[in-house]
Amino acid sequence: MSSSPQNQDQKLDRDRDRDQDQDQDQKQDQGQKQDRDRDQKREGKEGKEVKNEKMKKEKQEEKESFNYFIYNPTTREFMGRTASSWGRILLFYLIFYGFLAGMFSFTMWVMLLTLDDNVPRHQDRVANPGLVIRPHAAEISFNRSDPTNYNQYIQQLHELLQRYNDSIQKRHDLCLVGEYTEQDEEPIKKVCQFKRSALRQCSGLFDTSFGYADGKPCVIIKMNRVIGLKPQGDPFINCTTKGDRPLQIQYFPSEGRLDKMFFPYYGKKAHPDYVQPLVAVKLFLTKDNLNVEQTVECKVHGSDLRNDDDRDKFQGRVTFRVKVTE
């Protein structure tokens, strides 16, 4: 059964009214959303301004608080203390640290009274002296035809022997050969003569090249100084070569003796001009020994001085190598 034209018109009017109501509701919702967005933006802007204002206020308060900490004009306090308070605490620390400094100075003074200016309090670690050589080199290698190869060795030997010049040693005393020169009670310690000329062919007086120009170099051996050392027996230096080609060796003074008259040594302050005895070793290299490295070991013998400590390769002995080329 079909509806009448009047009913259809009523239906169309209802649909149109409904669509209009929906459009109005949508417009109203959009308007409310825009109002909310506008209100949020306004509130956000106002919130930022309030926050910035609050931060500025806090910074200003911190600055004022720091200024008041440095100096408070109301209480006249400087860094939290009045002038009288600062005076009392400074006086306390002045007295406290002054007492500590005085106590430290007193203990140092008492300790220095127990020390001897000339003799170390403890020297048992160096009871046995070591041997050293000049030129100061573990390996002496040079070409005998080229002076520039061995000039450095010659210079070292001349520098060592400057204090042993005869003109200087003549000022010192002639001591008893084979006897200790003990001077414990003497305020001024005398020095025994050791003249450079006693080294003869290795003195650098007759042969200024010390034999290096001829391929027969000199090596000077000396014993380290030890205060109060008095070696028992008759110490002397003896050198041996290692290998199948032995060398002829000559000693100056004869037999490589370290005479007792140069002992004991009383220290740099009490014995400023002291010179220890030297032993010069001249190595006579033959044509068979040229261009071949030779190992030489020198030891102190004839006394109670040790020369066999495997922990110390220089105690009472010294080893060096020599190689001479044409």
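Here is a walk through this predicted model, from the overall fold to a pocket and some salt bridges. Local features are taken only where pLDDT is at least 70 and side-chain atom pairs only at pLDDT 80 or more, while totals for chains, interfaces and linings use all residues. Residues count from 1 along each chain as its sequence is written, and side-chain values rest on heavy atoms, with hydrogens and water left out.

Let's start with the chain as a whole. It has four helices and ten strands, taken as DSSP runs numbered from the N terminus (helices are H or I with at least four residues, strands E with at least two). Follow the sequence and you read α-β-β-α-β-β-α-α-β-β-β-β-β-β. Of the contacts with a separation of 6 or more, 73% link residues 24 or more positions apart; a contact here means heavy atoms within 4.5 Å.

As for the surface, the chain exposes about 22300 Å², with carbon and sulfur atoms supplying 51% of that. These areas come from the Shrake-Rupley method with a 1.4 Å probe, and for residues only the protein chains shown count as cover. Out of 326 residues, 30% are buried (buried is under 20% relative accessible area, exposed over 50%, partly exposed in between, with a 1.4 Å probe and protein chains only).

Now for the largest pocket, which holds about 280 Å³ of space. Its lining has 15 residues, and Gln 193, Phe 194, Asp 259, Met 261 and Phe 262 are the closest to the centre. A pocket is an open set of points on a 1 Å grid over the protein atoms alone, with protein on both sides within 12 Å along at least five of seven lines; lining residues have an atom within 4 Å of a point. The volume is the space filled by probe spheres set on the points, which are joined across faces, edges and corners.

Asp 259 also turns up in a salt bridge, meeting Arg 257 at 3.6 Å, N to O. A salt bridge puts a side-chain nitrogen of Lys or Arg within 4 Å of a carboxyl oxygen of Asp or Glu, and the structure holds seven. Asp 259 is buried at 9% relative accessible area, whereas Arg 257 is partly exposed at 34%.

Further along, Arg 306 pairs with Asp 308 at 3.7 Å between the closest N and O atoms, and Arg 306 is partly exposed at 40%. Asp 309 and Arg 311 meet at 3.4 Å, N to O; Asp 309 is buried at 9%, but Arg 311 is exposed at 75%. Elsewhere, shared partners join Glu 139, Glu 293 and Arg 321 into one salt-bridge network.

Notes:
On a 1 Å grid over the protein atoms alone, a cavity is a set of points where a 1.4 Å probe fits but cannot get out, and a pocket is an open set with protein on both sides within 12 Å along at least five of seven lines; lining residues have an atom within 4 Å of a point.
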